[in-house]
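Hi,

Here is the structure I promised to pass on. Have a look at it, and then read my notes below.

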Amino acid sequence: MGPSGWFWFTYVPCLCLGLLCLLFVVFWSSYWHGGFAWDGSGLQFNWHPVLMVTGLVVLYGFAAVVFRVPFTWKQRKLPWKLVHGGLMLVALLLSVLGLCAVFDYHRASKIPDVYSLHSWVGLCTVALFASQWLLGLAGFLLPCSPPRLRRSLKPLHVWMGKAILILSLTSCISGITEELFFNLDGITGKSYSSLPVEAKFANALGLLLATFVLVVFGILSNKSWQRPETDGETVPIMLNENST
């Protein structure tokens, strides 16, 4: 099997893992927590894990490997830059909406904000993500960006992209754990340590997220799957641009 074959052998499971993560988080919020609404109640809070997992991890991961897909290599890079940047923008907007959901719920329920390590990591992650997207726009998408600036920004941009994905995973897993402690020990009376079905399911979601991120990093670390630079193309953008 050639490099292209091995890529698809890895990429298809990556897509399936991402979709499975989405199914798990939606089912968790729907089955054990009653579904969704936008009315300041606990049903509004349920949007928070769904939007954060979708934006910060799954869509971010999908966007990160766009330039690795072999059939894009024979096409002009600019349209795929736009696809990559567009996916990242949607991911960022979903993440911001997820923050709005939880802050609005806390305000309506008079619950203190931003005191846990989970909230600190999550806010830092979204702030870095916003900075990363703006940096990518200014340095790699605007026609007026000089090649010298792109070369200078590339190491920082690549490092930030990797850091954001790691922080995103950390934020989501810590959020899952925090919600289980709050809901099981504080509301339902079932001990988290007794591992009820919800705890097992949510723990499985955390493992799926970790596996998805590891597969994304595996795709990005394989040099044989790098996009060849042709026709004067220089300096990739966003997380996986160090590999294009």
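Sorted by class, the lining of the largest pocket has 19 nonpolar, 12 polar and three charged residues. (Ala, Val, Leu, Ile, Met, Phe, Trp, Tyr, Cys and Pro count as nonpolar, Asp, Glu, Lys and Arg as charged, and the others, Gly among them, as polar.)

Before you go on: this is a predicted model, where local features need pLDDT of at least 70 and side-chain atom pairs count only at pLDDT 80 or more, while totals for chains, interfaces and linings use all residues. Residues are numbered from 1 along each chain as its sequence is written, and side-chain values use heavy atoms, leaving out hydrogens and water.

Back to that pocket (on a 1 Å grid over the protein atoms alone, an open set of points with protein on both sides within 12 Å along at least five of seven lines; lining residues have an atom within 4 Å of a point). Its volume, the space filled by probe spheres set on the points, is about 700 Å³. F45, V102, H106, E178 and E179 lie nearest the pocket's centre, out of 34 lining residues. Which helix (a DSSP run of H or I, at least four residues) gives the largest share of the lining? That's α6, with nine residues.

There is also one cavity of 30 Å³ or more (a cavity is a set of points where a 1.4 Å probe fits but cannot get out). The largest cavity has a volume of about 40 Å³, and W28, S29, H33, F45, N46, P49 and E179 line it.

Cheers

Methods. Helices (H or I, at least four residues) and strands (E, at least two) are DSSP runs, numbered from the N terminus.
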